[in-house]
Amino acid sequence: MLRAGFDSIIWLVIGLVFIGFAITALVFAAMAREDAYRAADKQTKKFWLIILGINLALNLLLPMLFLQIAGLIAAIVFMVDVRPAIRQISGGGGGRRGGSSSDGPYGPYNGGR
């Protein structure tokens with residue numbers, strides 16, 4: 001009896017993690033510029049919004065493990081392949097916030113002055 005309750009809690013947590021990841025990927029896809037997708041030579045923004053939106057809808061409406069795993073794979077592909085390429089094109093990669101090309105890790109390089 002206790003085992004069945006534990007199993008259902010584990011599946012609930014797994015489902016919530018899948019839903020959270022789907023929401024995160026969808027938000028990141030929606031926030032990126034359309035031209036960044038083309039510049040990064042990836043599928044269009046509309047394509048990724050549709051795929052990730054279907055993923056989220058299936059996770060919310062039909063919690064079947066096969067569909068959840070397929071959606072998780074799509075979200076992972078977006079997060080590890082498409083999103084970094086878009087961030088690099090958009091200037092958001094590398095953790096740098098502005099600055100010039102002569103800036104070092106601790107600030108601007110002043111030529112030894």
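View 1. The model is predicted, with local features needing pLDDT of at least 70 and side-chain atom pairs pLDDT 80 or more, while totals for chains, interfaces and linings use all residues. Residues are numbered from 1 along each chain as its sequence is written, and side-chain values use heavy atoms, without hydrogens and water. A pocket here is an open set of points on a 1 Å grid over the protein atoms alone, where a 1.4 Å probe fits, with protein on both sides within 12 Å along at least five of seven lines; lining residues have an atom within 4 Å of a point.

**View 2. Who lines the largest pocket?** Look for F28, M31, A32, F78, R83, I86, R87 and S90. Two elements, α1 (2-31) and α4 (65-90), each give two or more residues to this lining. The largest share, 5 residues, belongs to α4. The volume of the largest pocket is about 200 Å³, counted as the space filled by probe spheres set on the points, which are joined across faces, edges and corners.

**View 3. The elements of the chain.** Helices (H or I, at least four residues) and strands (E, at least two) are DSSP runs, numbered from the N terminus.

**View 4. Inside the chain.** Of its 113 residues, 22% are buried (under 20% relative accessible area, 1.4 Å probe, protein chains only).

Technical notes:
Buried means under 20% relative accessible area, exposed over 50%, partly exposed in between (1.4 Å probe, protein chains only).
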